[in-house]
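Subject: Model for your files

Dear colleague,

Here is the model I said I would pass on. My notes on it come after the structure.

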Amino acid sequence: MDILEYRDYCLSLPFVEESTPFDETTLVFKGGGRMFTYAGMEDFRRLAVKCDPDEAVGLRERYEGVEAAWHGNKRHWNDLYVDRDLSDAFVREQIRRSYMLVLRHNVTPRTLRDEMLAHVARHGLPE
């Protein structure tokens, strides 16, 4: 996966916005105004995704290409190294899981969260 494939996939998810809130070279994707993944545009070797804390540790133990996020809360964020042992399908799955985690637990107000979850239930998410 390269930065353009990453960007295209993230933008294919419903209600997703891209921004550069930290600096000019860190691309951030948000669902419902809440960040679910980010990556460096100049050196795209890794991207960060939000994870369930218990699942995050298990993924780190199982895959060489998954580490605690360098710039994120190590309990809730993993870095995925796209130049290691991770398939594009695995990376997309982790992005989807991060997106759904944020929709279910971080999006407010509740009416927006319910609307977004209903849309996903009706239409699904891209593979």
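The notes below go through the sheet, the helix packed on it, the aromatic pairs and a few single residues.

This is a predicted model, in which local features need pLDDT of at least 70 and side-chain atom pairs count only at pLDDT 80 or more, while totals for chains, interfaces and linings use all residues. Residues are numbered from 1 along each chain as its sequence is written, and side-chain values use heavy atoms, with hydrogens and water left out.

The sheet

Helices (H or I, at least four residues) and strands (E, at least two) are DSSP runs, numbered from the N terminus. Two strands are called paired if DSSP finds at least two bridges between them. On that basis six strands make an open sheet, ordered E1-E2-E3-E4-E6-E5, with antiparallel pairing. The edges are strand E1 (16–19) and strand E5 (66–68); each has a single partner strand, so one side of each is left without a neighbour in the sheet. From one strand to the next, the twist averages 25°; angles run from 0 to 180 degrees between N-to-C directions, and axes are lines fitted to C-alpha atoms, for helices over the stretch in contact.

E1 pairs with strand E2 (residues 26–31) in the antiparallel sense over four bridges, and Val16 stands opposite Gly31 in E2. Between E2 and E3 there are six bridges, again antiparallel, with Phe29 opposite Thr37 in E3. These two strands form a hairpin with two residues between them, and Gly32 in the turn has a positive phi of about 60°. E3 and E4 are antiparallel too, joined by three bridges; Thr37 has Val49 as its bridge partner in E4. The hairpin that joins E3 to E4 passes through five residues.

Helix H1

Helix H1 (residues 3–12) packs on the sheet and touches E1, E2, strand E3 (34–40) and strand E4 (46–50); its direction makes about 15° with that of E2. Contact here means heavy atoms within 4.5 Å. Tyr6, Tyr9 and Cys10 are buried in H1, where buried means under 20% relative accessible area, exposed over 50% and partly exposed in between (1.4 Å probe, protein chains only). Seen down the axis of H1, its buried residues fall within an arc of 95°, so they line one face of the helix; the arc is that of the directions from the helix axis to the C-beta atoms. Those residues pack against E1, E2, E3, E4 and helix H3 (88–105). At the start of H1, a side-chain oxygen of Asp2 comes to within 3.0 Å of the backbone nitrogen of Leu4.

Aromatic pairs

There are five aromatic pairs in the structure. Rings of Phe, Tyr and Trp (its six-membered ring) pair if their centres lie within 6.5 Å; planes under 30 degrees apart count as stacked, over 60 as edge-to-face and the rest as tilted. One of the pairs is Tyr6 with Phe29, edge-to-face, at 5.4 Å centre to centre and 85° between the planes. It links distant parts of the chain, with Tyr6 in helix H1 and Phe29 in strand E2, 23 residues apart. Both Tyr6 and Phe29 are buried. Another is Tyr38 with Trp77, which is tilted: 5.4 Å centre to centre, 50° between the planes. Tyr38 lies in strand E3 and Trp77 in strand E6 (residues 77–81), so this pair ties together parts that are 39 residues apart in sequence. Tyr38 and Trp77 are both buried. Tyr6, Phe29 and Phe44 form one aromatic cluster.

Single residues

Asp79, in strand E6, counts as buried at 3% relative accessibility. Its side chain has a polar contact of 3.4 Å with that of Arg46 and reaches the backbone nitrogen of Trp70 at 2.8 Å. A polar contact is a pair of N or O atoms within 3.5 Å; within protein, one must be able to donate a hydrogen and the other to accept it, and residues adjacent in sequence count only if both atoms are side-chain atoms.

Most residues other than glycine have a negative phi, and most peptide bonds are trans. Phe15, in the loop between H1 and E1, has a positive phi near 65°. A cis peptide bond joins Thr108 and Pro109, with omega about 0°; Pro109 is in the loop between H3 and helix H4 (110–123).

Regards
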